[in-house]
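Open the model in your viewer and keep the sequence panel beside it. We will go from stop to stop, selecting as we go.

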Amino acid sequence: MPFPKISEARDLSDEQLVQEIVATKKQLFDLRLQQATKQLEKPAKFKHARHRLAQLLTVEAERQRANNS
């Protein structure tokens with residue numbers, strides 16, 4: 001399963017970006033819950049979700065720096 005591209009995150013609007021961040025954080029919480037209850041089938045989902053969250057937060061930080069300049 002390939003990682004999502006950061007260009008996809010850059011194409012999102014500001015509102016969509018915030019929604020994606022919230023959704024990804026919720027997904028990570030759900031994955032942690034599944035892992036704690038021994039129901040997680042694909043541990044690689046953690047890596048993908050964390051990678052996606054990092055991309056989204058990076059794009060958000062870039063936009064904030066651009067607006068402050």
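Helices (H or I, at least four residues) and strands (E, at least two) are DSSP runs, numbered from the N terminus. This is a predicted model, in which local features need pLDDT of at least 70, side-chain atom pairs count only at pLDDT 80 or more, and totals for chains, interfaces and linings use all residues. Residues are numbered from 1 along each chain as its sequence is written, and side-chain values use heavy atoms, with hydrogens and water left out.

**Stop 1: the loop**

Select Lys38. Lys38 lies in the loop between helix 2 and helix 3. Its phi is positive, about 60 degrees, although Lys38 is not a glycine. Is Lys38 buried or exposed? Lys38 is exposed, with a relative accessible area of 75%. The cut-offs are these: buried means under 20% relative accessible area, exposed over 50%, and partly exposed in between (1.4 Å probe, protein chains only).

**Stop 2: helix 2**

Now select residues 14-36, which form helix 2. Helix 2 has 23 residues. From its first C-alpha to its last it reaches 33 Å, close to the 33 Å expected at 1.5 Å a residue. The expected span is 1.5 Å times one less than the number of residues.

Colour Leu17, Ile21, Thr24, Leu28 and Leu31. These residues of helix 2 are buried. An α-helix has 3.6 residues a turn, so residues three or four places apart point the same way. What covers the buried residues of helix 2? The cover includes helix 1 (6-10) and helix 3.

Next, click Gln27, also in helix 2. Gln27 is partly exposed, at 39% relative accessible area.

**Stop 3: helix 3**

Select residues 44-68 for helix 3. Helix 3 has 25 residues and reaches 37 Å from first C-alpha to last, close to the 36 Å expected at 1.5 Å a residue. Its buried residues are Phe46, His48, Ala49, Arg52, Leu53, Gln55, Leu56 and Val59. They pack against helix 1 and helix 2.

Zoom in on His48. His48 counts as buried, at 15% relative accessibility. Leaving out residues up to four places away in sequence, His48 touches Met1, Pro2 and Phe3. Contact here means heavy atoms within 4.5 Å.

Move along helix 3 to Gln55. Gln55 is buried, with a relative accessible area of 8%. Which residues does Gln55 touch, not counting those up to four places away in sequence? Gln55 touches Pro4, Lys5 and Ile6.

**Stop 4: the helix pair**

Show helix 2 and helix 3 together. Two packed helices are described by the angle between their axes and the distance between the axes. The axes of helix 2 and helix 3 come within 9 Å and cross at roughly 155 degrees. That makes the two helices roughly antiparallel. (Angles under 35 degrees count as roughly parallel, over 145 as roughly antiparallel, 65 to 115 as roughly perpendicular and the rest as oblique.) Axes are lines fitted to C-alpha atoms, for helices over the stretch in contact, and angles run from 0 to 180 degrees between N-to-C directions.

Finally, show the side chains of the contact. From helix 2, include Asp14, Leu17 and Gln35. Among their counterparts in helix 3 are Lys45, Phe46 and Arg63.
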